[in-house]
Amino acid sequence: MKLYVSGDSFVDRYGYDIKYGKYPLWPELVAERAELDLTMVGYSGCCNNVVFTKMAEMLFEDKDAIAICSWTSFDRITVKTDDVIRRLSELDKSKSALYDHLSDKGFFDRSEADYRNVHLMKSFELMCEKSFHVQGPYPWPRKKIGGHETFLKHDLNRPQIDGFYSIAEPHHMIGNGDGHPNEAGHLMLANKIYNLLEKHNAI
């Protein structure tokens with residue numbers, strides 16, 4: 001059986017090879033343990049539109065595969081307009097300043113970003129019977145009671161695990177200001193995801 005995984009830098013094999021080393025990432029560990037044929041696509045810094053699109057492309061080949069979207073932060077966007085890029089170049093480079101500026105200018109607001117990203121997740125669920133979510137970090141407090149994972153559990157139907165930063169300990173991270181999973185972090189994620197697949201009879 002095939003395993004499709006789409007995500008951001010957490011599953012970017014090329015990026016990990018360059019920055020951190022060639023230890024196995026969680027999709028590779030899951031595929032090996034479950035004896036699955038893995039196709040993994042990861043792009044550092046991408047938005048959830050990219051995660052969804054790349055997964056859709058894979059599922060066109062085999063809708064019976066196990067599919068896992070490793071979602072990224074909701075505030076990531078793909079910007080192609082030269083005027084917007086030029087205006088953003090004048091801003092503070094911090095993510096919050098960038099997002100606040102776009103919201104203030106009516107580019108989109110946070111409620112729209114919530115809707116847009118959850119819509120992608122729900123659409124993914126309709127594409128494949130064996131679809132699973134791995135949640136990413138959430139960039140702002142929600143108005144609803146509860147955190148990021150809490151509201152997603154109400155909005156989504158397919159199984160998911162909480163975001164890495166909700167379940168990881170410091171020894172699971174690269175460190176020195178870099179919160180990406182290290183080798184121990186990927187092993188921790190692999191074990192949790194394998195257990196999730198097993199619990200829901202996907203493997």
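Reader: Which residue just after α2 takes a positive phi?

Author: Just after α2, E35 takes a positive phi of about 55°. This is a predicted model, in which local features need pLDDT of at least 70 and side-chain atom pairs count only at pLDDT 80 or more, while totals for chains, interfaces and linings use all residues. Residues are numbered from 1 along each chain as its sequence is written, and side-chain values use heavy atoms, with hydrogens and water left out.

Reader: How many helices and strands has the chain, and what makes a stretch count as one?

Author: The chain has nine helices and seven strands.

Reader: What makes R13 and D17 a salt bridge?

Author: The term requires a side-chain nitrogen of Lys or Arg within 4 Å of a carboxyl oxygen of Asp or Glu. The closest N and O atoms of R13 and D17 are 3.0 Å apart, so the pair meets the rule. R13 and D17 are four residues apart in helix α1 (residues 13-19), which separates them by about one helical turn. An α-helix has 3.6 residues a turn, so residues three or four places apart point the same way.

Reader: Which other partner does R13 have, and where does that partner lie?

Author: R13 also forms a salt bridge with E28, with the closest N and O atoms 2.8 Å apart. R13 lies in helix α1 and E28 in helix α2 (residues 26-34), so this pair ties together parts that are 15 residues apart in sequence.

Reader: Why are D17 and E28 called partly exposed?

Author: Buried means under 20% relative accessible area, exposed over 50%, and partly exposed in between (1.4 Å probe, protein chains only). D17 has 30% relative accessibility and E28 has 23%, so both fall in the partly exposed range.

Reader: How many salt bridges are there by this rule, and what makes K54 and E57 one of them?

Author: The count comes to three. The closest N and O atoms of K54 and E57 are 3.7 Å apart, and that value is within the limit, so the pair is a salt bridge. Both residues lie in helix α3 (residues 48-59), three residues apart, about one turn of the helix. K54, at 23%, is partly exposed, and E57, at 41%, is partly exposed as well. As for networks, salt bridges that share partners join R13, D17 and E28 into one.

Reader: Why is the arrangement of α2 and α9 called oblique?

Author: The axes of α2 and α9 come within 8 Å and cross at roughly 50°. Angles under 35 degrees count as roughly parallel, over 145 as roughly antiparallel, 65 to 115 as roughly perpendicular and the rest as oblique, so α2 is oblique to α9. The axes are lines fitted to C-alpha atoms over the stretch in contact, and angles run from 0 to 180 degrees between N-to-C directions. The crossing is right-handed, meaning that the near helix is turned clockwise from the far one by less than a right angle.

Reader: What makes the pair Q135 and Q160 a polar contact, and are the two residues buried or exposed?

Author: A polar contact is a pair of N or O atoms within 3.5 Å; within protein, one must be able to donate a hydrogen and the other to accept it, and residues adjacent in sequence count only if both atoms are side-chain atoms. The side chains of Q135 and Q160 make such a contact at 2.9 Å. Q135, in the loop between β4 (131-134) and α7 (148-155), has 3% relative accessibility and so counts as buried. Q160 has 14%, so Q160 counts as buried too.

Reader: Why does N176 count as exposed?

Author: N176 has 88% relative accessibility, so N176 passes the limit for exposed. N176 lies in the loop between β6 (173-175) and β7 (178-181), and its phi is near 55°, a positive value in a residue other than glycine.

Methods
Helices (H or I, at least four residues) and strands (E, at least two) are DSSP runs, numbered from the N terminus.
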